[in-house]
Amino acid sequence: MMSRRPLGSLESEILEVLWKSGVPLTPSEVLDRLDADLAYTTVMTVLGRLWGKGLADRTKTGRAFAYSAAVSEADFSADRMRKVLDESSDRLATMSHFLDGLDSGQQRELRRMLEDLA
Amino acid sequence: MSAHFLLPFLLVIVCLGSAWFLARFLAPSVGVVTLTVSVMLAFCTTILMFVQLGGAGISEVAFVSDALGWCRALYGGDHGAPLFLGVVTTLVLGLIAARMGRHVHRVFQDRNAFGDVDGVEVVRSSQPVAFAVPGPRGGVVISSSLLFALDRHERSVVLAHENAHLRHRHHLYIHLVETCAKGLPLLRPFARKVKYLTERWADESAAERVGSRDLVATTIARVALLPSSEMRAHSLSIGGGNVVTRVEALVAPLPVTPVRVTLFGCSVVITAVLGLILQLHHLVDFVTHAGHL
């Protein structure tokens, strides 16, 4: 199913793999960790795109590159990032699926649960 | 107004009520599908009821009846609904169509704003935000403040969560139920529930990917507690409880769906389909009768 998916969402699947793994991975190692039937070259292309965006580092290992997730403030110079936020931060907030707002009671509740989890 | 207009409607209310109740015991993925199907069936049934009422009422007007060649003698001047009801329902139908049209238009506008997202994109923002962008290319937008606040495990949770949204096409369910709810505001709580359940679905899916429900719970709680300048201001107004209940659900044991609940679920869907068929039957009946010369 994933093989029919566009490169864009494939990119975040592969970045997920890089973040999950603590060590650099070659394209074939990434391929092993994806539960999808993908071509080696597709994985290589996507890794190359991540590297180009500054979301991955790469080092030469033998004949292939090994990629690891990289995030540093310097990589995201202002001109590389989207400038949609001034005019549409409201829209950004409404599009965010990861969280909703919290009141102070809920914040207390969450802190207590975090302590329990730790 | 005769009872046969209302019977399918009652069936649908039973179906919606049970789907709401069932969702508590179902795995989030099953809950999303069950509720979405129920909402759509409820929407179709209600709209069909309006169409029939409108048609029946309007056809009371001699001019309309004559113009369409309907046999007035056959009905004895009574088509099942008074004229005023016909006019009112027709106006309501127009209003529903307008509201839904506006909503769809807005959805497409939002889509255009992030339509060029291709892959993972980092956005400079003080709001700790991440969201999936479905589309021909698709991708995930993450704000820099979220990225730098998390370690790599938590980052992979965020991505796994957003990837689940993309992989399972959650936006389709959400757009469907939200459009229905725009037309019929009574469906709004169901749309909210579907939205919440897609989040739960993505949470559980992420937990499977990273191999730990606790890690997902911790990440969600931590992200929600990150300071954000703008969002706090209007955060109180947003129907909260969402994040807290999501974390609670992740800490609690995984919901399993017992057989009798599944059977009950099937009967709910069958009830709803029956309701819709009954309604369609009425409409076909009405149209064929009306077409009689």
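Predicted model: local features only at pLDDT ≥ 70, side-chain atom pairs only at ≥ 80, totals over all residues.

I begin with a term.

Two packed helices are described by the angle between their axes and the distance between the axes. Here, the axes of helix α5 (residues 104–117) of chain A and helix α12 (residues 242–251) of chain B come within 10 Å, and they cross at roughly 20 degrees. Angles under 35 degrees count as roughly parallel, and α5(A) is therefore roughly parallel to α12(B).

Which residues meet? From α5(A), there are Gln106(A), Glu109(A), Leu110(A) and Met113(A); in α12(B), their counterparts are Val243(B), Val244(B), Val247(B) and Val251(B). By class, the residues of this contact comprise 6 nonpolar, 1 polar and 1 charged.

I turn next to chain B itself. Chain B is divided into domain 1, covering 1–114 + 257–293, and domain 2, covering 117–253. To their contact, domain 1 of chain B gives 22 residues and domain 2 of chain B gives 23 residues.

On the domain 1 side of chain B, the elements that give two or more residues are α1 (7–22), α2 (28–58) and α5 (83–113) of chain B. Which element supplies the largest share of that side? It is α2(B), with 11 residues. The residues of this domain 1 side divide into 15 nonpolar, 5 polar and 2 charged.

Thank you for your attention.

How values were computed: Residues numbered from 1 in each chain as written. Chains lettered and ligands numbered in written order. Domains from an automatic or database assignment. Contact = placed C-beta atoms within 7 Å. Helix = DSSP H or I, 4+ residues; strand = E, 2+ residues; numbered from the N terminus. Nonpolar A, V, L, I, M, F, W, Y, C, P; charged D, E, K, R; others polar. Axes fitted to C-alpha atoms, helices over the stretch in contact; angles between N-to-C directions. Parallel < 35°, antiparallel > 145°, perpendicular 65-115°, else oblique.
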